[in-house]
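Hi,

Here is the structure I promised to pass on.

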Amino acid sequence: MTERLTLAIAGLGTVGAETVRLLAAHRDLYAARSGAMLDVTCVSARDRTKDRGVALDSYDWQDDPVACADKADIVVELMGGDSGPAYDLVKAALTNGKSVVTANKALIAKHGAELAELAEKHGAILRFEAAVAGGIPIIDAITHGLSANRFTSLAGILNGTANYILTTMDKEGRDFDDVLAEAQAKGYAEADPTFDIDGIDAAHKLAILTSLAFGCTPDFAAIHIEGIRSITRRDSAYAKELGYVVKLLGITEQTADSGIRQRVHPCLVAADSPIARIDGAFNAVQCFGNAIGRVLLEGPGAGAGPTASAVISDILQVARGNRTPAFMQPATACKAATPASMDSLQTRYYLRLSVLDQPGVLAEITRIFAEHGISVQSLIQHDADANRPADIVMTTHETQESSMQQAVQTIARMQAICDQPQLIRIEPV
Ligand code: NAP
Ligand code: HSE
């Protein structure tokens, strides 16, 4: 006989409304796949009068989302935020022994260890597939399909909004603000879009991936974060000339000697690499495992349908009774990792300088590079308008981050430098 499981859904925005719609539209299919009739019985959002494009009349409406904590068998948190009602609801539901599905990366990146422990203590299931890379089943891939592997690194395009902006600026030569407004209108951006463009949202997701891949507790504070505000159309054009494209990547790696390095920053990636062709709001995650080698998963990383797809896959897993621990191994076995510093990173760099076109300027820049043991690999300087600063664009051979940062600080103090230097790491993904 088919079991009946009730659902309480808190948050009826882009993701929540689509989740409610899909659950109603495909009830029989989901019952056949999970063995349970999944019935939404309770919902919550801030504005009861808002038209959300789905029928809500038959559900018990709660003005206070935390009241959903004991109203159903499975509690689905789709409000967002790393504290306040989202945290209170998830904590209360797990304490009540209710299984929880959430898409909230900020919450899991900050409180994941505590919440996973709470779930295990109270015999509940905590799942958050939609929190990382939208519709791509990356958490399922790591915790099931790739679980035979020791991971050495994971690298990915983890923010659909930033990728949409970079791709559109590159392909259509449009301005940053104009494209951001478009990404917001399409439902990709966070409630606070600075999270998308300043790399914070990608870092939330990276903290979760690191925890899954390396069996440690999520450590958002250990992540080096740079966003995409400083990237200009000129950088996209120079990158193209050099055979690269600009992408915002999240990278987590086990270093040989000093722990785990986590970083989110713009990167130049080879134009013919698989990650370079991930366009628009698509995400991609590349995993390196000892047994499998390289695996790349790509797909839609944001938006109503892809995210609701991941939320419902988690609901189906709960209905099937899948009790894989939230971070693959029991929460009590996950310890804090030792963070590796950025200073010891070895990579190649792109440097764009806006300079006064005078004798000796290039010689001075290369002298500073030589002083820091940095070797130039290529150099671009096009004919400039006599009255305007000229761009000098250099790429380096592999060098140490600390040397590069010191050299750029010294160069930035030169009289002939007209603007903040633009430094972008070249990533061999
Ligand atoms: P959204 O469109 O802004 O919707 C948020 C919903 O939460 C709204 O229905 C809002 O109510 C409700 N809400 C917010 N604060 C509340 C409160 N204090 N009490 C009751 N209800 C409250 O956000 P979203 O894009 O659907 O994102 C939801 C979650 O999914 C977030 O954690 C986000 O990071 C995550 N996520 C989103 C995407 C995406 O592509 N959008 C992808 C992956 C993960 P009102 O509608 O009444 O204002
Ligand atoms: N704002 C996020 C993004 C939603 O643009 O990727 C998906 O997590």
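Before the rest, some housekeeping. This is a predicted model, where local features need pLDDT of at least 70 and side-chain atom pairs count only at pLDDT 80 or more, while totals for chains, interfaces and linings use all residues. Residues are numbered from 1 along each chain as its sequence is written, chains are lettered from A and ligands numbered from 1 in the order in which they are written, and side-chain values use heavy atoms, with hydrogens and water left out.

From helix 6, Thr161, Tyr164, Ile165, Thr168 and Met169 make the contact, and from helix 7 Phe176, Val179, Leu180, Glu182 and Ala183 (contact means heavy atoms within 4.5 Å). Those residues split into seven nonpolar, two polar and one charged (Ala, Val, Leu, Ile, Met, Phe, Trp, Tyr, Cys and Pro count as nonpolar, Asp, Glu, Lys and Arg as charged, and the others, Gly among them, as polar). For the terms: helices are DSSP runs of H or I with at least four residues, numbered from the N terminus, and axes are lines fitted to C-alpha atoms over the stretch in contact, with angles from 0 to 180 degrees between N-to-C directions.

Next, helix 3 (residues 84-95) and helix 4 (residues 105-121). Their axes are 10 Å apart at an angle of about 15 degrees, so the two are roughly parallel to each other. Their crossing is right-handed. Ala86, Tyr87, Val90, Lys91, Leu94 and Thr95 of helix 3 meet Leu107, His111, Glu114, Leu115, Leu118 and Ala119 of helix 4, which gives eight nonpolar, two polar and two charged residues.

Helix 2 (residues 27-34) packs on helix 11 (residues 304-320) at about 45 degrees, with axes 9 Å apart, so these two are oblique to each other. Helix 2 passes helix 11 in a right-handed crossing. Tyr30, Arg33 and Ser34 of helix 2 touch Ile312, Leu316, Ala319 and Arg320 of helix 11.

Now the ligands. Ligand 1 is surrounded by 24 residues, the closest being Asp47, Arg52, Lys105, Glu190 and Gly303 (a heavy atom within 4 Å is what counts). Its polar contacts (pairs of N or O atoms within 3.5 Å) include an oxygen atom 2.7 Å from a side-chain N or O atom of Glu190, and an oxygen atom 2.6 Å from a polar backbone atom of Gly303. For Lys105, the side-chain N or O atom is 3.4 Å from an oxygen atom of ligand 1.

Lys105 and Glu190 are also among the residues around ligand 2, which include Asn159, Thr161, Asp196 and Lys205. A nitrogen atom of ligand 2 is 2.7 Å from a side-chain N or O atom of Asp196, and an oxygen atom is 2.8 Å from a polar side-chain atom of Lys205.

Cheers

Note on methods: Polar contact = N/O pair within 3.5 Å; in protein donor to acceptor, adjacent residues only side chain to side chain. Parallel < 35°, antiparallel > 145°, perpendicular 65-115°, else oblique. Left-handed = near helix turned anticlockwise from the far one by under 90°.
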